[in-house]
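Hi everyone, thanks for coming. Let me put today's structure on the screen, and then we'll walk through it together.

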Amino acid sequence: MLTAEENALLTQTGPGTPGGAFMRRYWQPAALSQELGADPLYVRLLGEEFVLFRDANGAPCMLDLHCAHRKADLSYGRLEDGTLRCLYHGWRFGGDGTCLEMPGEPAGSTYRDRVRQPAYPARDLGGVIFAYLGPGDPPPVPDLPWLTSPRENSWATKLLHECNYLQGNEGNVDPQHLSFLHRTFEYEGPARLSHLMTERDGAPQIDVEETPFGLRLFAIRDAGAGETYVRVSNFIMPHGSAFPAGLVVDPKRERLDENLHYSLHFHVPIDDLNHWKYRIMFRLDGPVDVAFLERTQNDFTAEDSFERKRSANNRYLQNRAEQHTQTFTGMGRVFQDHDRFAVESQGRILDRTTEHLAATDKAVIAMRRQMLAAIENVRAGGAPLMADPQSPQPCRDLVVRSSRVPAGENPHDVWRTRVTP
């Protein structure tokens, strides 16, 4: 378990907090590219409020939400030739925060040259708009696999979670829960291998390796017939994960190689009580089926609401008859609904001083320790993993694996065998 002080360090990410200073050293997902069209967009991120808009060239720009004049909300403003005009008194700002116009000032006034709206670097990459809220120059954009591949090879969405980001993050480094939370009693499909193996052995050996990007996780299970099932997943600083994607990437292939298909999650704090789960589906071997993903993965309450229909308000639409005959949870077959139930039901901010951690929580413990060490490193003036300009390719060895190997083979070597399309 954590002390109350350690829990606060990890869960509090607002301005002026040590955890917030740590988070602000990274490029943070601020919105999906599809959200930012011809109008300004309100964004809440790490407990602060911003406005996003596109300049005349279509590049994203991010400013503090409240106008430097008398603090009116700029997300209601007018977009004029790639600049943003406040509705209250007509002040107009460029994407870099420069005040371009003050209509109420006397002719010849240079006052606007001395006023700037706080602005933040922003990039539109891989279907996600990233922003940097920290001090000084931003670090290099990390070499995450979907960001260095053709755009058609990935698909991005996000899901609202009404709880602290760390709860979602911890679920991604907990491979043992796959044996129960996501269990189905009748399952056919391209990901049948992983389902059978996780259900066969509910007590996997879990090993952890430190890496330049965070942690590499090994979940090692008895596959029977003299074989071992090895699943390799990853924790990516500060709130990300990567693991085999399974059938959701492409329904058309008769035989799907999970080692070529990645699912990436990033649990991004809106504030300390809510977060966005950004989901990236990525293929090394070609384009994803966007229409299939949109149809099967975005079961939202309303178009572009990014809130799934199953929620705490309707008890995740749990069906007890289904629970006895089809799924372990009675909450359908979509993993995102299961995960949302698990992490939201812990409360808005989990009190980790009351936990009773077990052997299968090895990776959760390792991740917490790594994050606490990074927070202290930032406090001391250092650069954390994945945000160090001196380490330009931290994700070079970020791979996922889902493989059966002979029982005598070293499972820790599975990830070293490169899989090519």
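Let's start at L147: setting aside neighbours within four places in sequence, its contacts, meaning heavy atoms within 4.5 Å, are L125, G126, F130, V141 and P142. L147 sits in the loop between β11 (128–132) and β12 (154–161); strands here are DSSP E runs of at least two residues and helices are H or I runs of at least four, numbered from the N terminus. Y120 is 27 residues from L147 in sequence and 20 Å away in space, C-alpha to C-alpha.

A quick word on the source: this is a predicted model, where local features need pLDDT of at least 70 and side-chain atom pairs count only at pLDDT 80 or more, while totals for chains, interfaces and linings use all residues. Residues are numbered from 1 along each chain as its sequence is written, and side-chain values use heavy atoms, leaving out hydrogens and water.

Now the cores. A nonpolar core is a set of buried Ala, Val, Leu, Ile, Met, Phe, Trp, Tyr and Cys residues joined through side-chain atoms within 4.5 Å; buried is under 20% relative accessible area, exposed over 50%, partly exposed in between, with a 1.4 Å probe and protein chains only. The largest has 75 residues, and F22, L52, L144, W146, L264 and M371 have the most contacts inside it. Helix α8 (residues 362–379) gives the largest share, eight residues. Another core, of 15 residues, lies apart from it, with F53 and L65 among them.

Finally, disulfides, that is, cysteine sulfur pairs within 2.5 Å: the count is zero. For C67, the nearest cysteine sulfur, that of C86, is 4.0 Å away. C67 counts as buried because its relative accessibility is 1%.
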